[in-house]
Amino acid sequence: MRGIVLSLLLGLPMLAQAAPLEVKMCVFDHPFPPMTYPDGSGQAQDVLRRASRLQPVQIQPVVAPRFQCMEQLRTGQVDAMLAAFIEDRTSYAAFPMRESQPDVSRAVGEISFSVSRRRGGTVDWDGRQFLNLGRQPVGTQPGLLHVALLRQLNVVIDDSAGSPEQAFAMLAQNRVAAVVTQQGEGEQIIARKYKGEIEMLPTPLIVTPMYLIVNKQFYQQHRAQVDGYWDAVRQVRAGK
């Protein structure tokens, strides 16, 4: 009692600084360059570490395949992951928002999805439409952001690939006329396995912000801290 009274009289803090918010974050088991790597060395992961110094957050990484990450976030097995904005994901995940739209200023970075073809092929992408594609299929993985865009363009889609590597194998085997993959992933796979055989077109299909998204229930329980962390991400990316 005497110590409490003395603290009050001297204006000293009675409690230590609040413990950092522990966030169980799913990290892709394959490199997603330049954003994330399983070892934590990606650009987005660096942004999150620096933001943790402004808003105390302790990230506990859980490494898993990309689609398993999404399922674990949906079911609450993990608290957070990195993802692009897709309307369907808002049923179970919270994004940093401004009014009714995702807040681009609080994104961790941008990712590009690009089109690749067999070297010497005539299929092209001019930034608005495919050229010389016709009804030939375009290969990709299911459930990714660009699939909806391909549908809007009335493209025949083969989304049977379980990984970017499988998508490129489909292209190399002439099963599809082109593939769409995340740019950094695609560049690495081409350099490693298909140099001189497959080429990536210079104009991206789509460039989109990437966000730290959190399970909705987790967000409701820790709203102020998560909002503060998203604000810290903005400060880090603004160079403040």
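Three cavities of 30 Å³ or more sit in this structure, which is a predicted model. Rolling a probe the size of a water molecule over the atoms shows where empty space is left. The largest cavity has a volume of about 40 Å³. Its lining consists of Leu21, Val23, Leu212, Val214, Phe218, Val226 and Tyr229. Strand 1, strand 14 and helix 8 each give two or more residues to that lining. What classes of residue make up the lining of the largest cavity? Seven are nonpolar, with no polar and no charged residues.

Which residues of helix 8 are buried? They are Val226, Gly228, Tyr229, Trp230, Ala232, Val233 and Val236. Val226 and Tyr229 also line the largest cavity. The buried residues of helix 8 pack against several elements. Among them are strands: strand 1 (21-28), strand 2 (57-64), strand 4 (93-94) and strand 14 (206-215). Helix 2 (43-54) and helix 7 (216-221) are also packing partners. Just after helix 8 comes glycine 239, with a positive phi of about 80°.

The structure holds one. Which cysteines does the disulfide join? Cysteine 26 is linked to cysteine 69, with an S to S distance of 2.1 Å. The angle about the S-S bond is -75°, and the link is left-handed. Cysteine 26 belongs to strand 1 and cysteine 69 to helix 3 (residues 66-75), so the pair ties together parts that are 43 residues apart in sequence. Are these cysteines buried or exposed? Both cysteine 26 and cysteine 69 are buried.

Now turn to helix 4, residues 145-152. Its buried residues are Leu145, His146, Val147 and Leu150. What do these buried residues pack against? The partners are strand 7 (109-118), strand 9 (130-131), strand 10 (138-139), strand 11 (157-158), strand 12 (178-182) and strand 14. Just after helix 4, asparagine 154 takes a positive phi of about 60°.

Note on methods: Residues numbered from 1 in each chain as written. Predicted model: local features only at pLDDT ≥ 70, side-chain atom pairs only at ≥ 80, totals over all residues. Heavy atoms only, no water. Buried < 20%, exposed > 50% of the residue type's maximum accessible area, 1.4 Å probe, protein only. Helix = DSSP H or I, 4+ residues; strand = E, 2+ residues; numbered from the N terminus. Contact = heavy atoms within 4.5 Å. 1 Å grid on protein atoms, 1.4 Å probe; cavity = no way out; pocket = protein on both sides within 12 Å on 5 of 7 lines; lining within 4 Å. Points joined across faces, edges and corners; volume = space filled by probe spheres on them. Nonpolar A, V, L, I, M, F, W, Y, C, P; charged D, E, K, R; others polar. Disulfide = S-S within 2.5 Å.
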